[in-house]
Amino acid sequence: MKRLLPLMAGMALVLSACGREDLSALNPQGPVARQQLELMKISIGIMSLVVLVVFTICIYVLIRYRRRKGDNSIPKQVEGNHKLEIIWTVIPIILLIILGVPTISTVFGLSKDYSNDPNALKVKVTAHQYWWEFEYPDLGITTAQELVVPTGKKIQFELTTADVKHSFWIPSIGGKMDNNDGLTNKMYLEFDKEGVYRGKCAELCGPSHSLMDFKAKAVDQASFDRWVAAIKAPVEMPKDEAVKAAFQNKCLTCHAIGETSTGSSAPNLTGIGSRLTVGGILFNDEAPVVDNLIKWITDPQKVKPGNMMPKAQDLELTDAELKGIAEYLANNKLEY
Amino acid sequence: MKGDAALAAHAHTVKRYRGLMDWLTTVDHKKIGILYLIAGGLFFLIGGLEAILIRIQLIKPMNNFVSADTFNELITMHGTTMIFLAAMPLLFALMNAVIPLQIGARDVAFPFLNALGFWTFFFGGLLLNISWFTGHVPDAGWTSYVPLASPTYSEGAGVDYYVLGLQIAGIGTLLGGINFMATIINMRAPGMSFMRMPMFTWTIFITSALIVFAFPVLTVGLVALMFDRLFFANFFETAAGGSGVLWEHIFWVFGHPEVYILILPAFGIISEVVSTFSRKRLFGYSSMVFATVLIAFLGFMVWAHHMFTTGLGPVANALFSIATMLIAVPTGIKIFNWLFTLWGGSIRFTAASLFGIGFIPTFVMGGVTGVMLASAPADYQYHDTYFVVAHFHYVIVGGLMFGIFAGMFYWWPKMFGRLLNETLGKITFFTFFIGFHLTFFVQHFLGLLGMPRRVWTYLDGQGLNGMNLISTIGAILMGIATIVMLINIAVTSLKRPNAANDPWEDGRTLEWSIPSPPPEYNFKQIPLVRGYDAWWKEKMEGKKAMTPAEPPGPIHMPSPSILPFVMSVGLFISGFGFIYDKLFLAIGGLAVTLICMLLRSVFDDHGFHIEEHEQEKGVTA
């Protein structure tokens, strides 16, 4: 019973909740994750059978053959039994074939490369210590932290890294693939429902590995086209001259916004005001985007330890400049 | 022996030490076993403490109990310590304590190497753990993937401690593997053919072979990483033509066999315990042997299942998926053989047998998730999540640690002459068993719900809070179980020795035919083995002792030596020299070791003899 309790508790958990729709691998929102869940179901099914058989025999044996008080008899010393041994060799082999065949077909199915498919959208994902860069090579766009994709299209990803190894994972849309140093990995995913899905880094990459989240936003094709147009439109600099000077001299040395791509060692800021989060983890629906920006710029190390961005203090930003920049960025929005 | 001349020939005088010096110089496998037990136990406590700190940090979302940097140090040191400095040494403790006795030998093949193996392990482990006091702690995970562990992204001496500590400790493991392989091949008592060897001896034999083939791979990998870090060699620097993925391959070509190095001995222990406490011969002995060999063989061709998401391509992923699934077949054979050993038996519930029996369902649960992970496309979801954390803790803690606990309770009387307290033992079992399942069962679901592994913290509102809390509570229960075990050990060692030769009364193998603890020379006369389960066979024929295979006479013994200790100290000092770039220390330390090797080579040591009249004088271990 003791052994069954956690199992039953687990089953109850499975039945009652499969986790958040935008996060759980058990609640798939795209064809890739669905195929993977199918395989999981086959394997869980087979394995539950195995566990059940073993547990049943185990419990039966422990009760039936426990030593009674004063029993000093010597049980029959059995060497083995060929028939039984063949049975428990052959049955597992059959079970493994049942699992092996769909495994192989899915391995090859999911490795398809849509790079040359004109209907697929290509996205180059470059991982950086604690943030994600998304480049759309065919559209000439670069953005960060928030992947925007059209629904119903194959999205062909090219994965690489600018520093250490990371792993790109959107659990409810599909499994992960590593971003290797000096190599490019290919993987496709498909989003068939509009929505925002949570993405994660799955490979230990330093202190803020656990905070290296991103969002994948799936929108319909028309909306996606509007987004592409909006992000390509020129961006105005801050009106206030002091803020503008501070922004250009202290932010744009690493960041880029609009067409001003003076640096790309840090996330592209175009449209940051309309993103769902600041830094991937400060949610703009929990606090106003300006507050989140001020919190982030004031001390980025406090939000994401170990990242490359210096504190406002170390950049010698005055309070007025900081506030001005935050307000400017908060109002830098994309309509789509 | 007649005549003064013959007596004189044996009268080498040898310095016998007492107290601390005795332990530093011993080459007796039984004492080395105890040293491994103490050192491995100590590192187990350190690793366990790190685990508790990790779980406290994860008890609630966005917790600030430890910093992100410290957390990464904790997970790295927890993994490295538990695998290399706790699990393996505890296995070596049981190997040393039991194998020579099980095969009817007076010691291992190379007693000096045995001591050297222990001391290099100990000083390697010490070096690694001293990092906590210097403030430079390894923090790139126990797998130490580059580029995170490369000099570019891991400044400071942290990973250097990992590289050099493991390198030195690894020498000890490799020596142990060679030693036990030679011992089991050469030193079996007359009549003990390979197919009459106890199952534990078989698994240690296969494990030793795995060590001999797998550990050199780790050695080479660590040398390359050391050259990258200390001398900028670029083995793993992509920009300079190296490859980071190469490290992954090297690590897992070693790392996967390592998993079987850990679990096969546990299989052996469980076989002995299940068979003894059900009073029955091990069911399907020859298929058990065959399954062990097959698992070891397949274990070398599945390493890339740790790298399904690295991007090796569909052909590699498909092949490694199938190869991995195949391992389930011999493992299944073992599980059913244990169940059918119990079937029809007369099962006695002791702390040892509870751990042995608790092992079976627990390990099956870890095994089936292993098969699930083998399916590559599904693994794209499981990989690097808490699902994997749950899986490997089920096999390593639920498998290996249950096995070690079973073995400790089972062989404790043979090692120390005292039976551990059964009541406290049962409390340990139930607390540990419940705590273990509480901790790790829910982690399967945490992973599937989207929690990556090695995360310092997690955001609120992701549906992960409740299960993380349960997991932490379980971990604390496991901590309590460990404390009860320590109390048990303390209480037991205060008692007088009380164990009979065959304290479980149903012992089947040779170690139960001699006193507990055995005399220094183990067997006064080497026994004659007349079948599988040699001691059981004699008992069933009404005999009170084994038939001797030789007449009584003086027994040749190896001399104690301080050299292994000094050699390891030399390596330890040299390690520091390399880490902190102090060439004189590095060379000086190596010189100490080399001089010891020279001394060992030029001065013959013939050992000494224990004469017949001395054999009864209570020369105890």
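Reply: In this predicted model, H5(A) and H8(A) are roughly perpendicular to each other, because their angle of about 85 degrees falls in the range of 65 to 115 degrees. The two elements, helix H5 (residues 241-251) and helix H8 (residues 319-330) of chain A, have their axes 9 Å apart. On the side of H5(A), the residues that take part are A:Ala242, A:Val243, A:Ala246, A:Phe247 and A:Cys251, and they meet A:Glu321, A:Gly324, A:Ile325 and A:Tyr328 of H8(A). By class, this contact has seven nonpolar residues, one polar and one charged.

A cis peptide bond, with omega of about 5 degrees, joins B:Val146 and B:Pro147, and B:Pro147 is found in the loop between helix H5 (111-134) and helix H6 (158-186) of chain B. Another cis peptide bond joins B:Ser516 and B:Pro517, with omega of about -10 degrees, and B:Pro517 lies in the loop between helix H16 (465-494) and helix H17 (534-540) of chain B.

B:Asp384, although not a glycine, has a positive phi of about 55 degrees; its place is the loop between helix H13 (376-382) and helix H14 (386-416) of chain B, and B:Asp384 counts as buried because it has 22 C-beta neighbours inside 10 Å. B:Arg454, likewise not a glycine, has a positive phi of about 60 degrees and is buried, with 23 other C-beta atoms within 10 Å.

Methods. Residues are numbered from 1 along each chain as its sequence is written. Chains are lettered from A and ligands numbered from 1 in the order in which they are written. This is a predicted model: local features need pLDDT of at least 70, side-chain atom pairs count only at pLDDT 80 or more; totals for chains, interfaces and linings use all residues. Axes are lines fitted to C-alpha atoms, for helices over the stretch in contact, and angles run from 0 to 180 degrees between N-to-C directions. Helices (H or I, at least four residues) and strands (E, at least two) are DSSP runs, numbered from the N terminus. Angles under 35 degrees count as roughly parallel, over 145 as roughly antiparallel, 65 to 115 as roughly perpendicular and the rest as oblique. Two residues are in contact if their C-beta atoms, placed from the backbone, lie within 7 Å. Ala, Val, Leu, Ile, Met, Phe, Trp, Tyr, Cys and Pro count as nonpolar, Asp, Glu, Lys and Arg as charged, and the others, Gly among them, as polar. A residue is buried if 20 or more other C-beta atoms lie within 10 Å of its own, exposed if 12 or fewer, and partly exposed in between; C-beta atoms are placed from the backbone.
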